Amino acid sequence: MGRTLENKKEIVADLKVSLSNSTLALVIDYQGLTVSEITDLRRRLRPSGTVCKVTKNTLMGIAIEGNEKWQPLSELLNGSSAFLLVKEDFSSAIKAYQEFQKVTKKTELRGGVLEGRLLKEPDVKILGDLPSKEQLIAQIAGAINALATKIAVGINEVPGSLARALQAVAEQEQSGGSTETAAAVQDSSTETVAEADSSTETAAE
């Protein structure tokens, strides 16, 4: 039994919503996949926030009509099409599909669309080789922690220099403020400032 006009309108509306929440769309030829295999593909994609839509090319064509961002998809609408609509985590989504493809050996990636640009299979592979969202967050956190450690070390080195300068001032007062002691205090103060500057530069690096 064919789909009713109302049912088709609902499918198109759902596709438009899914596309509006996506930044990357991949098109695969899913011919030969069983229902359980498609379910498995959806399960693998779920952690990356990616949805898999199996629908007729004509309905997807209607959904992207007049939408410049997704218009290049029209060049990929042929054969049995399944659409992997990716929100943000390109790398994880592509890797999940590649693992699925390796296991089933049934699907073929036709290409994709990213920000209005048509992607061929080699382009998609490059995206898949990028660090995942979790890996990027870990790398950024590691860099921040390393910088914080450098700053903390630099700050901890300054009080020791200040303490030596204060000790010299106290000794000057006890000795009656001789010229030699005053010179020693001046030298010690200069050394403290220099060490503080050095520590600050080290922390900045």
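**Ground rules**

I count two residues as in contact when heavy atoms lie within 4.5 Å. My helices (H or I, at least four residues) and strands (E, at least two) are DSSP runs, numbered from the N terminus.

I am looking at a predicted model, where local features need pLDDT of at least 70, side-chain atom pairs count only at pLDDT 80 or more, and totals for chains, interfaces and linings use all residues. Residues are numbered from 1 along each chain as its sequence is written, and side-chain values use heavy atoms, with hydrogens and water left out.

**Entry 1: helix α1**

I began with α1, residues 5–20. I took the expected span of a helix as 1.5 Å times one less than its number of residues.

Next I looked up burial: buried means under 20% relative accessible area, exposed over 50%, and partly exposed in between (1.4 Å probe, protein chains only). I11, V12, L15, S18 and L19 of α1 come out buried. Down the helix axis they fall within an arc of 125°, so they line one face of α1; the arc is that of the directions from the helix axis to the C-beta atoms. On the face turned away from that buried side I found the exposed residues E6, K9 and S20.

What do the buried residues of α1 pack against? I get β2 (51–54), α3 (57–63) and β3 (81–86).

**Entry 2: T55**

I then went to the loop between β2 and α3, where T55 is found. T55 counts as buried because its relative accessibility is 13%. Leaving aside neighbours within four places in sequence, T55 touches I11, L15, M60, S81 and F83.

**Entry 3: the sheet**

I call two strands paired if DSSP finds at least two bridges between them. The strands form an open sheet of five, in the order β2-β3-β1-β4-β5, with antiparallel pairing. β2 and β5 (117–119) are at the edges with a single partner strand each, so one side of each has no neighbour in the sheet. From one strand to the next the twist averages 20°. For such angles I use axes that are lines fitted to C-alpha atoms, for helices over the stretch in contact, and angles run from 0 to 180 degrees between N-to-C directions.

I went through the pairs:

- β2 and β3 share four bridges, and V51 faces L85 in β3.
- β1 and β4 are joined by six bridges, with I28 partnered by L109 in β4.
- β4 and β5 share three bridges, and G112 stands opposite L119 in β5.

The β4–β5 hairpin has two residues between its strands, and E115 in the turn has a positive phi of about 50°.

I saw α2 (residues 35–45) lying across β1 (24–29), β2 and β3, at about 150° to β2. α4 (residues 90–104) lies across β1, β3 and β4 (108–114), at about 170° to β4.

**Entry 4: α4 with α5**

Helix α5 (residues 121–128) packs with α4 at an angle of about 115°, with their axes 8 Å apart. I listed F90, S91, I94, K95 and Q98 of α4 meeting V124, K125, L127 and G128 of α5. By class, this contact has four nonpolar, three polar and two charged residues. I count Ala, Val, Leu, Ile, Met, Phe, Trp, Tyr, Cys and Pro as nonpolar, Asp, Glu, Lys and Arg as charged, and the others, Gly among them, as polar.
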